[in-house]
Structures are given as structure tokens and as C-alpha cells.
Amino acid sequence: MSADVGPIRIMAVDDHPIVRQGIAGLIAVHSDMSLVAEASNGREAIQQFRSHQPGVTLMDLQMPEMNGLDAMIAIRAEFPEARIIVLTTYLGDAQVLRALKAGARGYLLKNSLHKELLETIRAVHAGKKALSVEVSYQLAEHATDDALTPAEIRVLRLIAEGNANKEIAAQLSISEETVKGQVRNVLSKLGANDRTHAAMIGLKRGIIEL
């Protein structure tokens with residue numbers, strides 16, 4: 001990793017050029033940080049990280065070719081000390097937890113740019129972890145929830161794709177009664193009124209993706 005002297009060397013990873021331009025403009029006026037690399041997808045991010053080994057990486061999650069989560073896992077497998085901050089529009093607590101388990105040191109929403117981003121870059125570079133206030137609230141709100149099992153998540157994903165119980169049973173090679181029991185569990189654990197509501201909650205929280 002780069003030595004902790006001089007400006008903080010930053011890489012911005014986002015598939016939207018306007019976001020990268022915004023980050024570049026924000027960083028340019030601060031003498032303690034410098035944008036050294038950019039990437040528009042996860043594969044580019046891995047290559048650019050190898051070339052530049054930035055002190056802090058700002059990583060979007062939803063990108064073409066390879067998403068930010070997979071890129072982060074790959075980078076940290078090769079560079080365990082990589083300091084990565086997720087910068088995304090997605091607030092789902094399940095997605096936040098996946099990112100933190102993958103090694104993210106920070107998690108910010110794109111609407112919290114400017115001061116919060118700069119403070120988070122400095123904090124993460126100094127070895128701390130940092131979450132935006134909204135993200136912390138989301139994690140706290142669901143901290144004591146009864147988590148869905150992998151089987152229930154599979155059923156929820158198929159519900160969100162519009163499958164009826166009979167179709168879900170056929171796809172998973174289980175009985176329709178088993179599906180009904182899992183659907184009841186899903187509705188109960190998510191506090192959902194019906195199947196459509198459960199699918200909406202699952203997508204919003206990042207438990208499932210379509």
C-alpha cells in the first residue's frame with residue numbers, strides 16, 4: 001500500500017462520468033488529497049488499483065461488467081489493507097451489511113457528498129470506519145430483526161419475479177406446502193402485508209436484487 005505521507009491518493013470508481021467529475025472537482029480544491037485514478041466498472045477498478053494502489057478508493061455498487069461488491073472482494077483478496085468507501089444511492093441494510101462484510105471501511109450515499117465525503121475519506125485513511133447517518137439508522141432499525149434464511153431468500157426472489165407458489169415449488173423441487181410455509185415466514189419476518197409488499201421490502205432493503 002502507499003505510504004501515509006503527502007496527499008491522500010484517491011481512486012473514484014463509478015459508471016457515471018458526471019459523478020467522477022463531481023468527485024474530481026471536490027477533491028481538487030483540497031491540498032491534503034489527490035485523485036490519482038478513475039474506473040467505470042469493477043474490472044477496471046481492479047486493474048487501476050493494481051497500477052496505482054490508492055490510499056482510499058470510492059466504490060459505486062451498481063456497475064456494468066462487474067459490480068462494486070465483487071470488485072471490492074477481489075481487490076481486498078489481493079490487497080487486504082485496501083481502504084474502500086462505498087459511495088452509492090442504495091440504502092438497504094442488507095446491502096450495507098454485505099459491503100461491510102466484504103471489507104468496506106465506509107458507506108456513504110451519493111446525496112451526502114461534499115463535507116461528509118471529505119471527512120469520511122480522511123477518517124478511513126486514518127484507519128477508522130465511517131457510515132453516513134442515514135445508513136446507521138437503517139442498520140439500527142433492523143439490527144434485531146429475525147433474518148431470512150437462504151431458502152426464504154430464494155423464495156422471496158421468486159415471488160418478486162412474479163411466480164406463484166406452484167411455480168416456486170417446481171423451480172426449487174420442493175412441495176407446495178413447504179413453499180407456503182416459507183412464504184408465511186417471509187411475510188412475518190419482513191412485517192409484510194402480502195407477497196407484493198414483501199417483494200418491495202426485499203428490494204428496498206437489498207435482501208434481493210432483480
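Guide: First, a definition: a nonpolar core is a set of buried Ala, Val, Leu, Ile, Met, Phe, Trp, Tyr and Cys residues joined through side-chain atoms within 4.5 Å. Buried means under 20% relative accessible area, exposed over 50%, and partly exposed in between (1.4 Å probe, protein chains only). This is a predicted model, where local features need pLDDT of at least 70, side-chain atom pairs count only at pLDDT 80 or more, and totals for chains, interfaces and linings use all residues. Residues are numbered from 1 along each chain as its sequence is written, and side-chain values use heavy atoms, with hydrogens and water left out.

Visitor: Which element gives the most to the largest nonpolar core?

Guide: The largest nonpolar core has 27 residues, and Val13, Met59, Met72, Ile75, Val86, Ala99 and Tyr107 touch the most other members. Elements that give two or more residues to this core include strand 1 (8–13), strand 5 (106–109) and helix 6 (133–141). Helices (H or I, at least four residues) and strands (E, at least two) are DSSP runs, numbered from the N terminus. The top contributor, with four residues, is helix 3.

Visitor: How many bridges join strand 1 to strand 2?

Guide: Strand 1 is mostly covered, with five of its six residues buried. Arg9 stands opposite Ser34 in strand 2. Strands 1 and 2 run parallel, and the number of bridges joining them is six.

Visitor: Which residue is the bridge partner of Met59 in strand 4?

Guide: Strand 3 (residues 56–59) pairs with strand 4 in the parallel sense over three bridges. Strand 3 is covered on both faces: Val56 and Leu58 are buried on one side, Thr57 and Met59 on the other. Thr57 has Ile84 as its bridge partner in strand 4. For Met59, the partner in strand 4 is Val86.

Visitor: Which residue in strand 5 is the bridge partner of Thr88?

Guide: Four bridges join strand 4 to strand 5, and the two run parallel. From strand 5, Gly106 and Leu108 point one way, Tyr107 and Leu109 the other, and all are buried. The partner of Thr88 in strand 5 is Leu109.

Visitor: Why does the aromatic pair count as tilted?

Guide: The structure holds one aromatic pair. Rings of Phe, Tyr and Trp (its six-membered ring) pair if their centres lie within 6.5 Å; planes under 30 degrees apart count as stacked, over 60 as edge-to-face and the rest as tilted. The rings of Phe49 and Phe79 have centres 5.0 Å apart, and the pair is tilted because their planes stand at 50°.

Visitor: Where do Phe49 and Phe79 sit in the chain?

Guide: Both Phe49 and Phe79 are buried. They are 30 residues apart and link distant parts of the chain. Phe49 is in helix 2 (residues 42–52), and Phe79 is in the loop between helix 3 (68–78) and strand 4 (84–88).

Visitor: Which helix gives the most to the lining of the largest pocket?

Guide: On a 1 Å grid over the protein atoms alone, a pocket is an open set of points where a 1.4 Å probe fits, with protein on both sides within 12 Å along at least five of seven lines; lining residues have an atom within 4 Å of a point. The largest pocket holds about 390 Å³ of space. Of its 18 lining residues, the closest to its centre are Asp93, Ala94, Leu97, Ala147 and Arg205. The most lining residues, five, come from helix 4.

Visitor: Is Glu177 buried or exposed?

Guide: Glu177 lies in helix 9. Its relative accessibility is 53%, so Glu177 counts as exposed.

Notes: Grid points are joined across faces, edges and corners, and a volume is the space filled by probe spheres set on the points. Two strands pair if DSSP finds at least two bridges between them.
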